[in-house]
Amino acid sequence: MDHAWFARRLHVSRRHLARLFQGDRSVAERLAQRRLAQFVVAAALEPQTPLSTIAERSGYASYETLRSQSHRYLACSPHTARGLVVLNEMAMMQRRPQH
């Protein structure tokens, strides 16, 4: 999914869609961050699944594209992002009161 697809889906031009987001994150940037968030959640929920498989399912053309986006928006590798989410979940579970 890219901003051209999104514009077609909304029945507006790409330029009109871009104008709607002026002064804010671009459509492409929002889509990239959404795709990355989907990847990180799926990677944490499926720790045995290869990251390249999850990347493809999340809409990345290649693992390298995912890696680039991960470093750009998360400042870490996809593997590290997966681990951080898992560690965070474990820490939250330990903080929950026991009944």
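Is Glu56 buried or exposed? Glu56 counts as exposed, at 61% relative accessibility. The residue sits in helix α4.

**Overall fold and confidence**

This is a predicted model. The protein chain holds six helices and zero strands. Along the sequence the pattern reads α-α-α-α-α-α.

Mean pLDDT for the protein chain is 83, and 87% of its residues reach 70 or more. Helix α1 (residues 3-10) has the lowest mean pLDDT, 74, while α4 has the highest, 94. Where pLDDT is low, predicted coordinates should not be read in detail.

The protein chain has 99 residues, and buried residues make up 26% of them. Its accessible surface comes to about 7,200 Å². Carbon and sulfur atoms account for 55% of that surface. Take the contacts between residues at least 6 apart in sequence: 45% of them join residues at least 24 apart.

**Salt bridges**

How many salt bridges does a search of the whole structure find? The search finds two. In one, the side chains of Arg57 and Glu46 meet, with an N to O distance of 2.7 Å. This pair links distant parts of the chain, eleven residues apart. Arg57 belongs to helix α4 (residues 51-57), and Glu46 to the loop between α3 (27-45) and α4.

The other joins Arg67 to Glu64, with the closest N and O atoms 2.9 Å apart. Both residues lie in helix α5 (residues 63-74). They are separated by about one helical turn because they are three residues apart in that helix.

| Residue | Relative accessible area | Class |
|---|---|---|
| Arg57 | 52% | exposed |
| Glu46 | 27% | partly exposed |
| Arg67 | 35% | partly exposed |
| Glu64 | 46% | partly exposed |

Arg57 passes the exposed class boundary because its 52% is over 50%. Glu46, at 27%, counts as partly exposed.

**Packing of α3 against α5**

How do α3 and α5 cross? Their axes come within 10 Å and cross at roughly 105°. The two helices are therefore roughly perpendicular to each other, since the class runs from 65 to 115 degrees.

The residues that meet are spelled out on both sides. From α3 come Glu29, Ala32, Gln33, Leu36, Phe39 and Val40. From α5 come Leu66, Gln69, Ser70, Tyr73 and Leu74.

Val40 is buried because its relative accessible area is 11%, which is under 20%. Leaving aside neighbours within four places in sequence, Val40 is in contact with Leu74, Ala81 and Val85. Leu74 is also one of the α5 residues in the α3 and α5 packing.

**The loop between α3 and α4**

Which residues does Thr49 contact, leaving aside its neighbours within four places in sequence? They are Ile54, Arg57 and Arg82. Thr49 itself is placed in the loop between α3 and α4. Its relative accessible area is 19%, so Thr49 counts as buried, the cut-off being under 20%.

Glu46 is found in that loop too. Arg57 is a salt-bridge partner of Glu46 and a contact of Thr49.

Ala75 is in the loop between α5 and α6 (78-95). Its phi is positive, about 60°, although Ala75 is not a glycine. Most residues other than glycine have a negative phi. Ala75 is exposed, with a relative accessible area of 67%.

How values were computed: Residues are numbered from 1 along each chain as its sequence is written. This is a predicted model: local features need pLDDT of at least 70, side-chain atom pairs count only at pLDDT 80 or more; totals for chains, interfaces and linings use all residues. Side-chain values use heavy atoms; hydrogens and water are left out. A salt bridge is a side-chain nitrogen of Lys or Arg within 4 Å of a carboxyl oxygen of Asp or Glu. Helices (H or I, at least four residues) and strands (E, at least two) are DSSP runs, numbered from the N terminus. Buried means under 20% relative accessible area, exposed over 50%, partly exposed in between (1.4 Å probe, protein chains only). Contact means heavy atoms within 4.5 Å. pLDDT is the predictor's confidence in each residue, from 0 to 100. Accessible areas come from the Shrake-Rupley method with a 1.4 Å probe; for residues, only the protein chains shown count as cover. Axes are lines fitted to C-alpha atoms, for helices over the stretch in contact, and angles run from 0 to 180 degrees between N-to-C directions. Angles under 35 degrees count as roughly parallel, over 145 as roughly antiparallel, 65 to 115 as roughly perpendicular and the rest as oblique.
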